Each structure stands twice: as C-alpha cells, then as structure tokens.
Amino acid sequence: MTDKPMLILIAGPYRSGTDGDPQAMAATRPGIDVPDHRGRTGLDRVGRDLDRNSDVVVRDVELTSQGWHVLRRTTFDYRRRDGRWVTQQRETYDRGNGAVILPYDTDRGRVLLTRQFRYPAYVNDHPDGMLIEAAAGLLDGDDPIAAIRREAAEELGITLGPLTHVLDAYMSPGSVTERLHFYAAPYTPADRTAHGGGLEEDGEDIEVLELPFTDALAMVRDARITDGKTILLLQWAALDGPFAPAVSTD
C-alpha cells in the first residue's frame, strides 16, 4: 500500500498557522510544558533538531493528540531531486519501538505463536479480529533483548536461552515511527516454565499456540496468518533460519 502524502506549496515566508503567542498557548497544554497523564513533557520537541539529511529542514512540530501514544503533525521543507524546495506536512503516530520473537523447536518441528483479539484488524475487515502472531511488545524503556525476554515470559510462559537477532524494520513508515527488532530463539518443552497468556491488568487475554512449522507456513499461504511481523519471521525461518534446507557441499 502506498501512502498518499499531503503536499503544501507555500509562497513567501513560513507561517506556523497558529494565532496568538505559541509559547503562551503551549504552556497550558499537558505533554508540552506541564506533565500529561503519563508524566511526559516536551512532546512537541521531538524531531525539531533533526539535521542528518541536508535536504530536510524541520520547521514546526504540533502535538495533535496524546493518549497512551502520541500523534504529531510536522511541517518541514524538503528539497526535491530537481533542486526545488517545497514545504510538506506529515502526521506521525509515535508508540515507541518494539521487539518480536519466534521461538522454535527443530527437533519436534514446532514454533510458538499467540492468538489474541486485535480491534484495529477487526474494524478493517478481519473476520473476527483474532490474529495469530509472533509474541511481541513495546520496549517500554528496556533494551530490545530485555524487552523480548520479558514479553516471551508474559505472553508465552517461556524462559528464553540464546537469541538470534534477525533484523530491524520499520513496519509502516508512511505514518508510524515504530522500529521493530526481530529475534528468534530455540526452545524445548522444559523451557515452558509458566502458562503465559499476558497480563490481565493490561487487558491481555492471549492464547499460546504450539504449531508444527509446516502448518504455520500453510496458514500464511491460506491467509489464516495475516500479521506482517509473523509472516516475515516465518519466511525467514524457512529460507535462512532454523528450518531452511541444508546447503549442499558438493
């Protein structure tokens, strides 16, 4: 799917589009100069000091919404390939970064996945919103390895050993800032030290699925698995990971 950009061409000096004193207005807004419900301030400062790309100059960052996560509208000047400068706006949804794990048992040909209700999928034509996924979660201030060990214990009830870092990816870069860290790890039945299921106080109600790897791949083909991060990990496991065909030395 291609995101359609919002393009604004502005002649003359840049204008913020706000009336009155912006500093006076911001001082009354939670999440900017006073803490919001999560204790955060300065949410409108994110991105203002970016200078890694000389063809992009950030002009303004507006905080348009903050619930558990944050929606911003950023205005920036962009130099096109033909040398012309244009002013554009983008809305970004900032939910933090995350990590995802595929535990696998090559001796038994199994993988551990989850099934849980996902309202965004349900409201966008999924039959019942019950998605089969690799276990994942936000970093919440932890490093990716610590975070995915935490999520594996909470969601799958498994104690992970050595991890393989597969890759990092932006899963929806047209609007969502999240970078997802992908991992895989071997497991045995003895590593399943708890029931899993997630944290009820966080609203989680997660079913743990131990599936034959061949069945999981078949579920990708017939659209019983439609979650992007899970499809990516399963395809990696089949092509380059623990279930990849042995390479001939002849």
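Tutor: Let's start with the second largest pocket. Its lining has 21 residues, and Gly-47, Leu-50, Arg-52, Thr-92 and Thr-177 lie nearest the centre. Keep in mind that this is a predicted model.

Student: Which elements give two or more residues to that lining?

Tutor: Strand 2 (56-66), strand 3 (70-79) and strand 4 (85-94) do. Strand 4 gives the most, with four residues.

Student: What volume does the second largest pocket have?

Tutor: About 930 Å³.

Student: And how does its lining divide by class?

Tutor: Eight residues are nonpolar, eight are polar and five are charged.

Student: OK, now the largest pocket. How much space lies in it?

Tutor: About 1800 Å³. The lining counts 45 residues. Nearest the centre of this pocket are Arg-95, Arg-118, Pro-120, Glu-178 and Lys-229.

Student: Which element supplies the largest share of that lining?

Tutor: Helix 3 does, with four residues. Other elements that give two or more include strand 5 (98-105), strand 6 (110-117), helix 2 (119-123) and helix 5 (228-239).

Student: How many residues of this lining are charged?

Tutor: 17 are charged. Another 16 are nonpolar, and twelve are polar.

Student: Switching topic. Which residues have the most contacts inside the largest nonpolar core?

Tutor: Val-111, Leu-113, Phe-213 and Leu-234. That core has 27 residues.

Student: Why would nonpolar side chains be buried together?

Tutor: They tend to be, in soluble globular proteins.

Student: Back to Leu-113. What does it touch?

Tutor: Leaving out residues up to four places away in sequence, Leu-113 touches a set that includes Leu-102, Ile-132, Leu-156, Val-208, Leu-209, Leu-211, Ala-216 and Ile-225. Glu-133, Glu-207 and Thr-230 are also among its contacts.

Student: Now charges. How many salt bridges does the structure hold?

Tutor: 20. Take Asp-94 and Arg-72: their closest N and O atoms are 3.0 Å apart. Asp-94 sits in strand 4 and Arg-72 in strand 3, 22 residues apart.

Student: Is Arg-72 buried or exposed?

Tutor: Buried, because its relative accessibility is 4%.

Student: What about Arg-108? Which side chain does it meet at 2.7 Å?

Tutor: Asp-105, in a salt bridge, N to O. Asp-105 is buried, at 5% relative accessibility. Arg-108 is partly exposed, with a relative accessible area of 36%.

Student: And which salt bridge joins Arg-108 at 2.5 Å?

Tutor: The one with the side chain of Glu-210. Glu-210 lies in strand 11, while Arg-108 is in the loop between strand 5 and strand 6, so the pair ties together parts 102 residues apart in sequence. Glu-210 is partly exposed, at 24% relative accessibility.

Student: Which residues do shared partners join into one network?

Tutor: Asp-105, Arg-108, Arg-192 and Glu-210, through their salt bridges.

Note on methods: Residues are numbered from 1 along each chain as its sequence is written. This is a predicted model: local features need pLDDT of at least 70, side-chain atom pairs count only at pLDDT 80 or more; totals for chains, interfaces and linings use all residues. Side-chain values use heavy atoms; hydrogens and water are left out. On a 1 Å grid over the protein atoms alone, a cavity is a set of points where a 1.4 Å probe fits but cannot get out, and a pocket is an open set with protein on both sides within 12 Å along at least five of seven lines; lining residues have an atom within 4 Å of a point. Grid points are joined across faces, edges and corners, and a volume is the space filled by probe spheres set on the points. Ala, Val, Leu, Ile, Met, Phe, Trp, Tyr, Cys and Pro count as nonpolar, Asp, Glu, Lys and Arg as charged, and the others, Gly among them, as polar. A nonpolar core is a set of buried Ala, Val, Leu, Ile, Met, Phe, Trp, Tyr and Cys residues joined through side-chain atoms within 4.5 Å. Buried means under 20% relative accessible area, exposed over 50%, partly exposed in between (1.4 Å probe, protein chains only). Contact means heavy atoms within 4.5 Å. A salt bridge is a side-chain nitrogen of Lys or Arg within 4 Å of a carboxyl oxygen of Asp or Glu.
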